[in-house]
Amino acid sequence: MNEVLWRPSKARIQASRMDAFRHEVNRRFDLQLSDYDSLHRWSIDQRAAFWKTLADYFAVFWHRPATAVLDEGPQMPDARWFSGATLNFAEHLLRRRDSHPALIAVREDGERQVISHAQLAAQVAGLQRSFQAVGIGVGDRVAACMPNTWQTLVAMLACTSLGAIWSCSSPEFGTHGIIDRFGQIEPKLLMVCAGYQYAGNTIDQVDKINEVLARLPSLEQLLVVPYTRTPTRSDEFHSNAHVSLWDDFYQAGGEPQFTPLPFDHPLYILYSSGTTGVPKCIVHSAGGVLLQHLKEHGLHNDLGPTDVLFYYTTCGWMMWNWLASGLAVGSTLVLYDGSPLYPGPERLIDLIDSEQISAFGTSAKYLAALEHAHVQPRLSHRLDSLKLLLSTGSPLSPESYDYVYREFKADLCLASMSGGTDICSCFVIGNPVLPVRRGQIQCKSLGMAVEVWDANGQALIGEKGELVCTRHFPAMPLGFWHDAQGKRFRAAYFSQYPGVWAQGDYAEQTPEGGMLIHGRSDAVLNPGGVRIGTAEIYRQVEKIDDVLESVAIGQRWHNDVRVVLFVRLREGLQLDDTLQAQIRQVIRSNTTPRHVPAVIAAVSDIPRTISGKIVELAIRNVVHGEPVKNTDALANPEALEQFRDRPELRDQA
């Protein structure tokens, strides 16, 4: 799996910000760091110097400079970054003020709006004044249940410019899913859309919003964007809060003001998936998110003022927050709202050419769907602007690497990456100066002391284990909302290895320095005491053209665990003995006999979170007759019923 599929040219390396940053480090500290590996080692060994140099390199504007870059205790989590410093997150995303496009918002129905950097600042200034007029200030929570459109981004910037805390979910969430999130943080202002569209359908939100309003008694202001539902009236919404429609609430114009805030001031509240209980409210800091995203966009993605960045995401996934930070390096953002596969599988590929996208971000599932649909972008599209293809959300199979280089273009950096809502960023990531190897994430992110450990805390190379981070980093969350003593926070990330962050990913570091993610640790299969990552099985099943997607679980069986594989087949096909034998043979030939499922069963749908992640744990609970605690976190909760009381899974003895 170490086959090199792409290697950057010498000219591309020399023109990259990553290489320029290495030279700056060498100049500033009189070093001779010759390559990325040596730069990464330095960034871990000299963390304070690294993060200070990064802030200087990207001209972070401090209203007041730090008295110390890093105050560190004996073990995580006990660090304080940039003590005494003040800054404002939104100020960095609004530094560019020219007529170049900042946002290009495209709706599924083709409606398109372009907002320049200067216009974006004027929109934020106007909304900021109205937020202040209704009492929004430092520490207040502003929540949004919105599609991925320009109004959402303007509201986030207006909110964070004032020091209020932003939290967002997607309109696809059900009533309970919204309340489970926003009910915990008690927002002062809630922003909603009256309607939205998806896969050719227009969905009215008014009844659902009124159900939510009944459960948010502390709400003071409701801000309604009609969006696809015109006309919409304010008296259709029932709340003790004041109700305003978007166009009546503010008038764009003027210069935004920026409240100076401590480096560790809360910026975002993001949420765990919530499929095993009420979602955890994860609080992220303004300075930590800013520095981490400047590093990832500016160095690892090599993006700047001439680039156009797209990521397919909803506003309830951390990738929306990540996408928004592309403004901090001056890039243009393409915001798409709608189904990625409607009216056809090439809908998002069309955007690459029409908007001249240079960095196109998506999920592993989407790339697999394109391959199954036999889409060949190199034949149907120009793709001349595309230089970077980003993937996250789930492990990217080696076959998808092959597909990208075969059917997109040969001269392309394919950057798979992995991190999470937990850190609102990445532990392992792409790199413009390194080769792309088949099936491997290119490298560990700068400043992130990532290792793979066994159960005894010993580092592993070429073997599977737990992904950990052994040193402090600024993007470590501040904690969980309503967890003042930090007990739940420490239990979530530091209980497995005291003083070391355990991400909950089952991973592997290759001898070449690349990384593989084999799935979530809590979904690892354990037949006969041998740990198997689910991604290892999915990579093999994806080779079979008749199978669209699959999910594997471990079923408790006769004092052991057996592997059960559920498959969704192409329309009109049946799971006969021949196809079952083929699936087992492909898995056996490319893995081990332990990976071969004891049972294979067909389903017509596989349940996923709204951000597209397969919910193995929820399926496992249903198979075992145990409750699924929060189906509102799922995009298609009805699919769970297909896994209940399956005759194939009963003991026939």
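An open sheet is formed by 3 strands in the order S22-S23-S25, with antiparallel pairing, where strands (E, at least two residues) and helices (H or I, at least four) are DSSP runs numbered from the N terminus, and two strands pair if DSSP finds at least two bridges between them. This is a predicted model, in which local features need pLDDT of at least 70 and side-chain atom pairs count only at pLDDT 80 or more, while totals for chains, interfaces and linings use all residues. Residues are numbered from 1 along each chain as its sequence is written, and side-chain values use heavy atoms, with hydrogens and water left out.

- The edge strands, each pairing on one side only, are S22 (418-420) and S25 (443-444).
- S22 runs antiparallel to S23 (residues 425-429) and is joined to S23 by 3 bridges, with glycine 420 standing opposite serine 425 in S23.

**Hairpin S10-S11**
- Strand S10 (residues 195-198) and strand S11 (residues 201-204) run antiparallel and are joined by 4 bridges, and tyrosine 196 stands opposite isoleucine 203 in S11.
- The hairpin that S10 and S11 form has 2 residues between the strands, and alanine 199 in the turn has a positive phi of about 55 degrees.

**Cysteines**
- With a disulfide taken as a pair of cysteine sulfur atoms within 2.5 Å, the count comes to 0 disulfides.
- Cysteine 315 is in no disulfide, the nearest cysteine sulfur, that of cysteine 168, being 4.5 Å away.
- Cysteine 315 is buried, with a relative accessible area of 3%, where buried means under 20%, exposed over 50% and partly exposed in between (1.4 Å probe, protein chains only).
- The sulfur of cysteine 469 is 13 Å from the closest cysteine sulfur, in cysteine 426, which is too far for a bond.
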